[in-house]
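Trainee: Hi, could we go through this one together? I'd like to start with how the strands line up.

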Amino acid sequence: MIQSLWFWLMGYVIVKFKGASIECLLNLLIDDGISVWSVERVTTDVIVAQVSVKDFRRLRPLLWKLNIRVSIVGKKGLPFFWQKFRRRQFLIVGLVIFLLILYYLSGFIWFIQLEGNEEVSKEDIFAILKQQGLQAGASKKDFSPKAMETALLTQIDQLSWAGISFKGSLVKVQVVERSTPDQATIESGDLVASQDGLVTHVLTFRGTPNVQPGTTVRKGDILIKGNYYDMYGRAQVGKAEGVVKARVWYEAVGEAAFRRIKQQRTGKTHVVSTLTIGERKLTYNQEVPYAKYIVEREEFSQTMRGYTLPVRFTRSTYHEVFYETRVVPESEAKEMAISRAWAALAAFDISKDMARATQVEEIAITDQYGIRVGLLVEVEVDIAAFLPKP
Amino acid sequence: MAKSVDRIIKGFTAVMDMPSDVLMDMPRIRMMGNVELVVENHKGLLEYTPKTIRLRTKTGILIIHGRRLRILFFVKDELKLDGHIVSVAFSEH
């Protein structure tokens, strides 16, 4: 391997020997200290071999004696390569020019990469960078990253750190935004009762509980205080957090009548037809012979390509009706009243399956046409409400 | 005369436990499988064709038969060849 590299450096030729006793020639060559390699017999009187350039010059005198003809098939190695190269001087000149251009262009900024901004807009940062002279196409020597970092930090308040680094023709701008502290840690205050009730469960996440299960509380009473002692025994003032479940009562009233009036059709109908042409109306059968009726109106008109024709036909059907008064049984009326009371409670987000206990109370009404019920529902809800300290 | 000198050298190398190719000018033949062969201390190439290579050595003529034989390297007292070697033999003539 090293030897073949050496041969390549010194240069060698591929030669073709043509003659009868080439073995004799090879023996003569090595006796003279000429080394040959890659010897290959092509035909009976032709052998191709490789000889170094230096040895090739010594070859000729030996060939005279043996009547062997020699010719060069190929030239390999650095000297020949160099010779070829020298003929193409402009290639080298071009290569040098190319390298110079590459070096010159690498002195400019081609790309700017921005990382780390979330709240601050890209445009704002780039505007400041541009103001400082950093933009695609600017020369790298002209500015200092330090001044630019300072400019970014002083001009944009939300940034807490800025770093500018070069990677060839790429400028990497990294920023870190100031994170605003969590509101919960700033706020302080207590949890107070949002309504009257009997406390059943107290679960404190932060703060000192002021009530126990069994305590009756009124609206506005403090349930969990924001002041507490932390794990190191230091007094802290913070935002009380927790769940305080309490039994609370809701009242609602529902009413229902004993009579129900129902509209019914007699089955008689009367049809009035109207033909409208522009502003003119032609009506057939205009007189309605009923005192109480409902009307069903059908209209026929033709629309062509979004343009309504001025001719319209209307058919009104008059149904004669009468009103029937039905007596509602008391049990049905009561049920109706209770369901109306539940519907009223739905406004407070109370549903039937939440109720722990319900109590229905009949309230007497002076007139005999209806029923009124009072509904008392006991539910267990979280009554804790946060009251921030001023 | 020459034979007796040889015998003395042979005996000497046996007693001294020395490699005989150094003193006795014997060919040293190294083969790698049947694809490569190196002969050191040869005394000249007698014949080269892709099927046969004949080399003169101190101990007789070394005949190598094979297919597609090629001389990779040929210098004074060393020859390296490759190809598909079938047989290596010595002959007195």
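Mentor: In chain B, His65(B) has Ser87(B) of β6(B) as its bridge partner. Before going on: this is a predicted model, where local features need pLDDT of at least 70 and side-chain atom pairs count only at pLDDT 80 or more, while totals for chains, interfaces and linings use all residues. Residues are numbered from 1 along each chain as its sequence is written, chains are lettered from A and ligands numbered from 1 in the order in which they are written, and side-chain values use heavy atoms, leaving out hydrogens and water.

Trainee: Okay. How many bridges do β5(B) and β6(B) pair over?

Mentor: 12 bridges, with β5(B) and β6 (residues 78-91) of chain B antiparallel. Strands here are DSSP runs of E with at least two residues, helices are runs of H or I with at least four, and both are numbered from the N terminus. Two strands pair if DSSP finds at least two bridges between them.

Trainee: Which residue in that hairpin takes a positive phi?

Mentor: Asp77(B), with a phi near 55°. That hairpin has 2 residues between its strands.

Trainee: What about β4(B), how does it pair with β5(B)?

Mentor: Antiparallel again, over 6 bridges, with β4 covering residues 52-57 of chain B. These two strands form a hairpin as well, with 2 residues between them. Thr57(B) sits opposite Gly60(B) there.

Trainee: Which strand of chain A is joined to β5(B)?

Mentor: That's β2 of chain A (residues 36-43), which runs antiparallel to β5 (residues 60-75) of chain B and is joined to it by 3 bridges. Val36(A) has Phe74(B) as its bridge partner, and Val39(A) stands opposite Ile71(B).

Trainee: How many residues does each chain put into the contact?

Mentor: 16 from chain A and 15 from chain B, where contact means heavy atoms within 4.5 Å. The area buried between the chains is about 1300 Å², and carbon and sulfur atoms give 60% of that. Buried area is the accessible area (1.4 Å probe) that two parts lose on being put together, summed over both. Glu23(A), Ile30(A) and Arg41(A) supply 38% of what chain A buries against chain B, more than any other three residues.

Trainee: New topic: what order do the strands of the open sheet in chain A take?

Mentor: β17-β16-β19-β18, 4 strands with antiparallel pairing. The edge strands, β17 (280-284) and β18 (293-304) of chain A, each pair on one side only.
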